[in-house]
Amino acid sequence: MGTVAVRIVNGYKSFAGRRTPVLQGVDLDIATGEFLVVLGSSGSGKSTLLRIVAGLDHLDRGAIDWPDSDDDTRPHTGVVFQQPFLMPWLTVRENIAFGGRFAVHRERFDTAYADELLDRFGLSSLGGYYPEQLSGGQAQRIAVIRAVAVRPRLLLLDEPFSALDPATRGDLQSWLADLARDLGFTTVLVTHDIDEALRLGDRIALFGRGGTVRQQWQIGDLEDGHRDGLRTDILAHYRDSSLSTT
Ligand code: ADP
Ligand code: MG
């Protein structure tokens with residue numbers, strides 16, 4: 001058993017004006033170095049959970065801890081959203097360097113490493129381009145590189161490929177799998193896409209409308225033959241958890 005990067009214990013979150021809590025009774029350990037996919041239908045609380053892990057929001061009750069951090073604080077974290085949010089007036093290289101200007105990142109950013117990442121992940125030819133010259137897929141790759149250029153130990157992605165066409169999405173999934181394996185940080189990706197979850201996750205945690213973890217599956221190095229059966233199983237639970245409280 002490896003170490004635990006993120007531990008959520010009995011997490012509870014509600015928003016004013018909502019009848020039911022967004023998250024309740026959430027118990028979730030994320031192992032250091034694993035690729036966890038949080039799967040769930042729209043409105044199941046995935047983005048809220050990710051924002052809490054990112055430190056952009058907080059739990060009302062329960063706890064989030066960082067057992068693997070020496071001082072029990074959040075490890076250095078990179079976040080990628082559905083939209084790339086690149087600054088239109090900066091080139092790709094300048095956009096990536098922009099993250100390094102924030103005080104929390106300054107010590108962890110250097111241009112040589114950013115250039116090495118662009119090169120290693122097949123993007124060095126785009127360095128001088130402006131965002132409007134990029135395709136959607138290219139822009140989202142740059143958003144990922146910007147997030148990892150500050151050497152995070154935890155990478156969080158909220159439906160990063162859902163605005164892309166299916167072919168581009170497939171390319172980016174493979175690309176991200178290689179990148180996460182290569183750079184070796186803890187990764188949490190939120191999606192409503194079962195095939196994306198199966199393709200990328202070491203483990204899948206299914207969220208339902210009640211705001212809880214409904215079911216978890218360890219994927220690891222599952223052989224393709226077993227993947228179809230697992231897909232059927234996940235789909236059945238997915239349907240069930242989407243319908244049960246509506
Ligand atoms: P998901 O990412 O799984 O689609 P979200 O975490 O975005 O789900 O949202 C879960 C529920 O909480 C939704 O019904 C959403 O409308 C509601 N919600 C999210 N953020 C807020 C907020 N800041 N204020 C009020 N309601 C919110
Ligand atoms: Mg969401």
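Me: Why does Leu154 count as buried?

Reply: Leu154 has a relative accessibility of 1%. Buried means under 20% relative accessible area, exposed over 50%, and partly exposed in between, with a 1.4 Å probe and protein chains only. At 1%, Leu154 therefore counts as buried. This is a predicted model, in which local features need pLDDT of at least 70, side-chain atom pairs count only at pLDDT 80 or more, and totals for chains, interfaces and linings use all residues. Residues are numbered from 1 along each chain as its sequence is written, chains are lettered from A and ligands numbered from 1 in the order in which they are written, and side-chain values use heavy atoms, with hydrogens and water left out.

Me: Which residues does Leu154 touch, leaving out those up to four places away in sequence?

Reply: They are Val6, Val53, Trp66, Pro75, His76, Thr77, Gly78, Phe185, Thr186 and Val188. Contact means heavy atoms within 4.5 Å. Leu154 is in strand β6 (residues 154-158); strands (E, at least two residues) and helices (H or I, at least four) are DSSP runs numbered from the N terminus. The C-alpha atoms of Leu154 and Gly33 are separated by 8.5 Å, with the two residues 121 apart along the chain.

Me: What makes helix α1 mostly covered?

Reply: In α1 (residues 46-54), 7 of the 9 residues are buried. They are Lys46, Thr48, Leu49, Leu50, Ile52, Val53 and Ala54. Gly55 follows α1 and has a positive phi, near 85°.

Me: Why are α5 and α6 called roughly parallel?

Reply: The axes of α5 (residues 136-148) and α6 (residues 166-183) cross at roughly 15° and come within 10 Å. Axes are lines fitted to C-alpha atoms, for helices over the stretch in contact, and angles run from 0 to 180 degrees between N-to-C directions. Angles under 35 degrees count as roughly parallel, over 145 as roughly antiparallel, 65 to 115 as roughly perpendicular and the rest as oblique. The two helices are therefore roughly parallel to each other. By class, their contact has 8 nonpolar, 3 polar and 2 charged residues. Here Ala, Val, Leu, Ile, Met, Phe, Trp, Tyr, Cys and Pro count as nonpolar, Asp, Glu, Lys and Arg as charged, and the others, Gly among them, as polar.

Me: Which residues make the contact of α4 with α5?

Reply: Helix α4 (residues 111-120) packs on α5 at about 145°, with the axes 10 Å apart. Tyr113, Leu117 and Leu118 of α4 meet Ile142, Ile145 and Val148 of α5. By class, this contact has 6 nonpolar, no polar and no charged residues.

Me: Why does Phe85 count as exposed?

Reply: The relative accessibility of Phe85 is 53%, so Phe85 counts as exposed. Phe85 lies in the loop between β5 and α2 (92-98), and has a positive phi of about 50° although it is not a glycine.

Me: Why do β2 and β4 stand at the edges of their sheet?

Reply: The open sheet of 3 strands has the order β2-β1-β4, with antiparallel pairing. β2 (23-31) and β4 each have a single partner strand, so one side of each is left without a neighbour in the sheet.

Me: How many bridges join β1 to β4?

Reply: There are 4 bridges between β1 (residues 4-13) and β4. Two strands pair if DSSP finds at least two bridges between them.
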